[in-house]
Amino acid sequence: MERGGLAETKLNGRILALFIAGFLAGLALIYVGQESLVGNADFLDSFSVGRMGELDIDKPMLFFYSMKERFSPAILLIALTLAGVGSIAVSVYLIWAGFCAGTILSVLSIRYGIRGILIFTGGIFPQILLLAPAYLLLFRWCQGFQERMRTARYPGNAAGKHAGLSAVRAGTLIFILGMLLTGCLVESYVNPIFLQKIFHFF
């Protein structure tokens, strides 16, 4: 029991470390190249951000867009895990997700200060309360699947083979995908309300 808890703690620490590494890389990129990447670029400028606050959002279309954006990486991670490269795929995704978050937050904070941080927060809340745990469970599922399949490769290891077969744990995977689906619904039908309130600060 203690060994399992220790392994889980190490895995959570590794996930956090990879995300933070990507996040810091995104921050560094923007702040080092601030003049060329922010000062002389249109990315998230006042015109584009101002237009976002005036948009009449088509919530059903946003829902389908959100599903594509959230489920595509999840399905890709599952496929790569089944192919035996789940750990590598999860690591790359975590670094990339952290990098994107660091980049966007840096640009918004440089352009708008505290209001930029509010926009960033408004853009991810409250769906982040569902999406982040769902992806965390998915990362752990991918890692657990790969470890069990590695154990199952030992010849004559019946317990390992049984563990490898049980690693699919379809119920857990369905639960994770259900959380992602709920997060997409929240992102499409609840988040725009929060985001519109944030834009009142502009």
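This is a predicted model: local features need pLDDT of at least 70, side-chain atom pairs count only at pLDDT 80 or more; totals for chains, interfaces and linings use all residues.
**Exercise 1. State the secondary structure content and the share of contacts between residues 24 or more positions apart.**

Solution. 

- Step 1: there are 10 helices and 0 strands (DSSP runs numbered from the N terminus; helices are H or I with at least four residues, strands E with at least two).
- Step 2: the pattern along the sequence is α-α-α-α-α-α-α-α-α-α.
- Step 3: among contacts with a separation of 6 or more, 84% are between residues 24 or more positions apart (contact means heavy atoms within 4.5 Å).

**Exercise 2. Locate the salt bridge and describe the burial of its two partners.**

Solution. 

- Step 1: the structure holds 1 salt bridge (a side-chain nitrogen of Lys or Arg within 4 Å of a carboxyl oxygen of Asp or Glu).
- Step 2: Glu187 pairs with Arg70, and the closest N and O atoms are 2.5 Å apart. Glu187 sits in helix α9 and Arg70 in helix α4 (residues 59–82), 117 residues apart, which links distant parts of the chain.
- Step 3: Glu187 is buried because its relative accessible area is 10%. Arg70, at 26%, is partly exposed.

**Exercise 3. Decide how the buried residues of α6 and α10 are arranged around each helix axis.**

Solution. 

- Step 1: the buried residues in α6 (residues 114–124) are Gly116, Ile119, Phe120 and Gly122. They fall within an arc of 165° seen down the axis of α6, so they line one face of the helix (the arc is that of the directions from the helix axis to the C-beta atoms).
- Step 2: in α10, Asn191, Pro192, Leu195 and Ile198 are buried. Their arc, seen down the axis of α10, is within 115°, so these residues also line one face.
- Step 3: the cover over the buried residues of α10 includes α4, α6 and α9.

**Exercise 4. Describe the nonpolar surface patch and the helices that supply it.**

Solution. 

- Step 1: Ile124, Phe125, Ile128, Leu129, Leu181, Leu185, Tyr189, Val190, Ile193 and Phe194 make up the patch, with about 780 Å² of accessible area together (patch residues have over 30% relative accessible area and no salt bridge; like charges are joined within 9 Å, nonpolar side chains, namely Val, Leu, Ile, Met, Phe, Trp and Tyr, within 5 Å).
- Step 2: α7 (128–152), α9 (170–189) and α10 (191–198) each give at least two residues. The largest share, 3 residues, comes from α9.
- Step 3: Leu129 lies in α7 and counts as exposed because its relative accessibility is 54%.
- Step 4: Phe125, a patch member, is joined to Pro126 by a cis peptide bond with omega of about 5°. Pro126 is in the loop between α6 and α7.

Key
Residues are numbered from 1 along each chain as its sequence is written. Side-chain values use heavy atoms; hydrogens and water are left out. Accessible areas come from the Shrake-Rupley method with a 1.4 Å probe; for residues, only the protein chains shown count as cover. Buried means under 20% relative accessible area, exposed over 50%, partly exposed in between (1.4 Å probe, protein chains only).
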